[in-house]
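Subject: Structure handover and notes

Hello,

Here is the structure I promised to pass on. My notes come after it.

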Amino acid sequence: MAMATSDRIRALVTDNEIVVFMKGVPAAPQCGFSAGVVKVLEAIGRPYVGVNVLDDPFLREGIKEYSDWPTLPQVYVRGEFIGGCDIVRDMYAAGELQALLAGQSA
């Protein structure tokens, strides 16, 4: 991974409370898993940054290396990798994601 890509990812995840590396944009997700994450985050109602990895092949591969997670989307909260669609949905269903965003433990 090029250092510039790694630095770019690090800046995105540390400068924003919630970041989703996804296929497409929040207004128009390009895969069902990305759409699932957007649906959960929209239900919570917190602002987040959606990063379209389809626009940048270096970012698309770089984020997988950065997190050591092979699939997209990838969700970060306050710089910490949370997981993909299934993990985010499960955390939301259990109330864990809402607690995390409120700064509490579930």
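The notes below go from the whole chain to single residues.

This is a predicted model, in which local features need pLDDT of at least 70 and side-chain atom pairs count only at pLDDT 80 or more, while totals for chains, interfaces and linings use all residues. Residues are numbered from 1 along each chain as its sequence is written, and side-chain values use heavy atoms, with hydrogens and water left out.

Whole chain

The chain has five helices and six strands; these are DSSP runs numbered from the N terminus, with helices being H or I of at least four residues and strands E of at least two. In sequence order the pattern reads α-β-β-β-α-β-α-β-β-α-α. The C-alpha trace spans about 35 × 25 × 20 Å along its principal axes. The radius of gyration is 13 Å, which agrees with the value near 13 Å for a compact globule of 106 residues. That radius is taken over C-alpha atoms, and the globule rule is 2.2 Å times the number of residues to the power 0.38.

Of the 106 residues, 40% are buried. Buried means under 20% relative accessible area, exposed means over 50%, and partly exposed is in between (1.4 Å probe, protein chains only). The chain exposes about 5,600 Å², with carbon and sulfur atoms supplying 53% of that area. Accessible areas come from the Shrake-Rupley method with a 1.4 Å probe, and for residues only the protein chains shown count as cover.

For contacts (heavy atoms within 4.5 Å) between residues at least 6 apart in sequence, 59% join residues at least 24 apart. There are 9 positive and 13 negative charges, and their mean positions are 4 Å apart. Lys and Arg count as positive and Asp and Glu as negative, with His and the chain ends not counted; each charge is placed at NZ of Lys, CZ of Arg, CG of Asp or CD of Glu.

Asn-52

Asn-52 belongs to strand β4, residues 49-52. Its relative accessible area is 15%, so the residue counts as buried. A polar atom of the Asn-52 side chain lies 3.0 Å from the backbone nitrogen of Gly-24, and a polar atom of that side chain lies 2.9 Å from the backbone nitrogen of Leu-54. A polar contact is a pair of N or O atoms within 3.5 Å; within protein, one must be able to donate a hydrogen and the other to accept it, and residues adjacent in sequence count only if both atoms are side-chain atoms. Leaving out residues up to four places away in sequence, Asn-52 touches Met-22, Lys-23, Gly-24 and Val-25.

Tyr-76

Tyr-76 sits in strand β5, residues 74-77, and is buried because its relative accessibility is 2%.

Ser-6 is part of helix α1, residues 3-15, and is buried at 9% relative accessible area. Ser-6 and Gly-62 are 56 residues apart in sequence, yet their C-alpha atoms are 6.8 Å apart.

Ala-27 is in the loop between β2 (24-25) and β3 (28-29). With 78% relative accessible area, Ala-27 is exposed. From Ala-27 to Gly-50 the C-alpha distance is 9.4 Å, and the two are 23 residues apart in sequence.

Backbone geometry

Which peptide bond is cis? The one from Leu-72 to Pro-73, with omega near 5°. Pro-73 is in the loop between α3 (57-67) and β5.

Asp-68 is in the loop between α3 and β5 as well. Phi of Asp-68 is positive, near 60°, although the residue is not glycine. Asp-68 is exposed, at 69% relative accessible area.

Arg-78 is another non-glycine residue with positive phi, about 50°. Arg-78 lies in the loop between β5 and β6 (80-83) and is partly exposed, at 44% relative accessibility.

Regards
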